[in-house]
Structure formats: structure tokens, C-alpha cells
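This briefing covers one protein model for a reader who works with coordinates.

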Amino acid sequence: MPDTERPGTEEPLATRLRWWTELPLILLVYACYSAGRLLVRGDVSDAVGHGLAILRVEKLLHLNAEHPLNRLFTREPWLGIPADFWYASLHYLVTPAVLVWLFRSRSRHYRAARTWLMTSTFLGLIGFSLLPTCPPRLLDAGHGFVDTMAHYSSYGWWGGEASAPRGLGGMTNQYAAMPSLHVGWALWCGVMLWRYGGTRTAKAAGVVYPLVTTIVVMGTANHYFLDAVAGAAVMGAGLLLAPVVMRTVDRVLARPVPAATPVAAATSGAGSPIVSAGCQTSAGERIPRQRESRFAGGAEPSASPTDAGEGAAAPAR
């Protein structure tokens with residue numbers, strides 16, 4: 001698909017983004033997001049209650065696909081192990097890779113795409129704080145779910161606490177399941193690949209990646225189907241809000257900086273300012289062109305022997 005733009009939408013050279021400003025911004029946003037997930041941990045009983053409520057709604061609507069997928073992934077290691085690696089790593093790799101690709105190859109679309117991703121991520125953080133949710137893998141065993149990450153932990157770096165490395169489970173919020181930003185970020189990557197990839201392979205990857213991610217998050221018992229739906233909804237809301245965010249940022253940056261008040265130079269009321277800074281000439285010393293400056297307006301009086309310089313001619317006798 002050719003990279004076409006409407007006239008007038010090109011970003012001026014003076015305002016083009018640079019990697020040395022973008023990288024700290026993205027790292028700062030992700031750090032705030034990670035810290036926010038840890039700070040908004042809810043009560044465990046509330047999280048379990050929310051998880052069970054979601055499960056009941058899914059059964060009522062006949063949307064309960066988590067159980068058959070989870071049983072399949074648990075029974076077939078050739079499916080379960082790659083799914084665990086997919087869940088634990090790809091959102092950390094594919095999302096930044098797509099951002100870098102957009103920055104380098106589709107720079108005209110980068111700012112809007114980055115703003116969309118960041119806005120949706122903060123909306124997801126609001127969801128974590130308002131609705132802490134216990135994932136299927138942490139429910140009582142009587143509900144029929146198996147934590148495949150713990151089941152196949154000997155094959156990877158993770159333990160029994162989500163996808164965090166062994167011993168670092170306290171650095172993650174296991175009840176931040178609603179919405180699923182694994183699915184949300186994968187959907188964002190898919191849209192970017194579909195719209196700007198330009199090849200059939202890229203378009204195919206744009207369809208396959210979010211679909212497989214949705215299957216993986218359910219099969220590994222990390223998310224409910226409605227978590228995935230909420231992740232897609234959050235991305236839709238972020239897409240609608242991104243233009244508003246960009247306009248707001250532009251208005252803030254365009255505010256004029258108040259100019260400093262110039263300090264008036266001190267002047268004397270009657271005469272001209274002294275420019276000699278208090279310097280005086282010694283007796284008999286002559287300032288060049290002194291006579292011209294003193295008598296510029298009229299006739300100059302005749303010199304007498306008493307006020308002539310040493311080089312003046314003596315008067316005739």
C-alpha cells in the first residue's frame with residue numbers, strides 16, 4: 001500500500017521528532033504505567049469476586065472458550081510451551097519494534113500512532129484501578145483452570161507468578177487482568193502492520209498477531225475472553241481520544257513565553273552621560289581633535305604663545 005498523505009498534513013521539519021527525545025518519553029510513560037500497576041493493587045477478595053462475576057457472565061452468554069483452550073494447552077506441551085513464551089515475551093518485543101519501524105519508515109504517522117498507544121495504555125491503567133480482577137489461573141482449582149506458566153515453568157525464566165522472572169513476582173500486579181493490554185497492544189501492532197506494512201506478509205502478520213495473542217492469553221489462563229474484549233475496547237477509546245490529546249499538547253507547547261522586562265538605562269536629567277568613567281588627563285596632555293570638538297560651530301580664536309602646544313610656530317618679532 002503506497003504511503004500517501006493528504007496535502008498539508010506533512011509535519012514541518014522544525015517540529016519533527018527526534019529519537020533522543022522520544023526514547024526517554026516512552027521509557028518514562030512505561031515506567032509510570034508499571035509503577036501504577038503496582039500502586040493500584042486491590043483487595044484479593046474483590047479481585048476474586050470480579051473474576052467469578054466475569055466467568056458467570058461468559059457462561060450465561062455461552063462465551064466460555066477459556067476452559068477448552070486451557071485444557072488443550074495443558075495436555076499438549078507443543079502448544080502450551082510456545083504459548084507461554086509468546087505470552088511472556090512478545091508484547092515486550094513486538095510493540096517496541098513496531099514503534100521503531102514507524103519512527104524510521106513511517107515518520108508522518110508516528111506521532112499519532114504513539115499517542116494512540118500511550119493514551120490507551122493509561123486508560124487500561126484506570127481499568128486496573130477500578131476493577132482489579134483475578135485471572136482464571138488464580139481461581140480455586142475447583143473452577144477447572146491450570147496455570148500453564150507454572151505448569152511449564154521448567155522451560156522458561158518465569159515461575160508461578162505470571163510471566164515475571166523467578167523471584168521477582170512481587171514486582172508485578174497479578175490482579176491487573178481487566179482489560180487485557182496484551183490483546184490491546186497486539187491489536188495496535190496489527191492495525192499498524194495492516195495500514196502501513198505495504199506487503200501481503202505484513203498485512204497477514206497484522207491479522208495473525210492479535211488473533212493468536214487472544215487465543216494465547218485465554219489458553220494460558222491469564223485472561224478471560226471478556227478481558228480481551230475490554231482490551232480491544234480500550235484501544236478503540238484511545239483511538240478516539242488521541243487527536244484530542246495531540247491538540248491539547250500542541251496548545252500547551254504553543255503558549256508564548258513571557259518576555260523579560262527590559263531594564264531602562266539610567267540617564268541624568270540635565271546633561272549628557274559621562275563617558276570617561278571618571279578618567280582625567282594629566283597636566284599638559286592633549287586629547288586628539290580636542291580643539292575641533294570644542295569649537296565645531298564657529299571661528300576658532302587665534303592661538304597665543306601661552307596656549308599653543310610645544311610644536312606650534314613662534315610668532316614673528
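Contact here means heavy atoms within 4.5 Å. By that criterion, and leaving out residues up to four places away in sequence, Leu123 touches Val234, Ala237, Gly238 and Leu241. The model is a predicted one, in which local features need pLDDT of at least 70 and side-chain atom pairs count only at pLDDT 80 or more, while totals for chains, interfaces and linings use all residues. Residues are numbered from 1 along each chain as its sequence is written, and side-chain values use heavy atoms, with hydrogens and water left out.

**Overall content**

- The protein chain has 10 helices and 0 strands; helices (H or I, at least four residues) and strands (E, at least two) are DSSP runs, numbered from the N terminus.
- Read from the N terminus on, the order of elements is α-α-α-α-α-α-α-α-α-α.
- Of the 317 residues in the protein chain, 35% are buried; buried means under 20% relative accessible area, exposed over 50%, and partly exposed in between (1.4 Å probe, protein chains only).
- Taking contacts between residues at least 6 apart in sequence, 81% join residues at least 24 apart.

**Helix packing**

- Two packed helices are described by the angle between their axes and the distance between the axes.
- Axes are lines fitted to C-alpha atoms, for helices over the stretch in contact, and angles run from 0 to 180 degrees between N-to-C directions.
- Angles under 35 degrees count as roughly parallel, over 145 as roughly antiparallel, 65 to 115 as roughly perpendicular and the rest as oblique.
- Helix α7 (181–196) and helix α8 (residues 200–219) have axes that come within 7 Å and cross at roughly 170 degrees, so α7 and α8 are roughly antiparallel to each other.
- On the α7 side the contact is made by His182, Val183, Ala186, Leu187, Cys189, Gly190, Leu193 and Trp194. On the α8 side it is made by Ala202, Lys203, Ala205, Gly206, Val207, Tyr209, Pro210, Thr213, Thr214 and Val217.
- The residues of the contact of α7 with α8 divide into 12 nonpolar, 5 polar and 1 charged. In this scheme Ala, Val, Leu, Ile, Met, Phe, Trp, Tyr, Cys and Pro count as nonpolar, Asp, Glu, Lys and Arg as charged, and the others, Gly among them, as polar.
- Helix α3 (residues 66–75) and α8 have axes that come within 8 Å and cross at roughly 80 degrees; α3 and α8 are therefore roughly perpendicular to each other.
- This contact joins Glu66, Leu69, Asn70 and Phe73 of α3 to Ile215, Val216, Met218 and Gly219 of α8, and its residues divide into 5 nonpolar, 2 polar and 1 charged.

**Cavity**

- A cavity is a set of points, on a 1 Å grid over the protein atoms alone, where a 1.4 Å probe fits but cannot get out; lining residues have an atom within 4 Å of a point.
- Grid points are joined across faces, edges and corners, and a volume is the space filled by probe spheres set on the points.
- The count comes to 1 cavity of 30 Å³ or more, and the largest cavity has a volume of about 40 Å³.
- Its lining consists of Trp86, Tyr87, Leu90, His91, His182, Ala186, Tyr209, Thr213, Val216 and Val217.
- The elements that give two or more residues to this lining are α4 (77–105), α7 and α8.
- The lining residues divide into 7 nonpolar, 3 polar and no charged.

**Backbone geometry in loops**

- Met178 and Pro179 are joined by a cis peptide bond with omega of about 5 degrees; Pro179 is in the loop between α6 (148–151) and α7.
- His62, which is not a glycine, has a positive phi of about 60 degrees.
- His62 is in the loop between α2 and α3 and counts as exposed at 73% relative accessibility.
- Ala221 also has a positive phi, near 65 degrees, in a residue other than glycine.
- Ala221 is in the loop between α8 and α9 (225–253) and is buried, with a relative accessible area of 0%.

- Leu123 lies in helix α5 (residues 107–130) and is partly exposed, with a relative accessible area of 23%.
- Leu123 and Met235 are 112 residues apart along the chain, and their C-alpha atoms are separated by 8.6 Å.
- Gly49 is in helix α2 (residues 44–60) and counts as partly exposed at 31% relative accessibility.
- Gly49 and Thr133 are 84 residues apart in sequence and 7.8 Å apart in space, C-alpha to C-alpha.

Notes: 1 Å grid on protein atoms, 1.4 Å probe; cavity = no way out; pocket = protein on both sides within 12 Å on 5 of 7 lines; lining within 4 Å.
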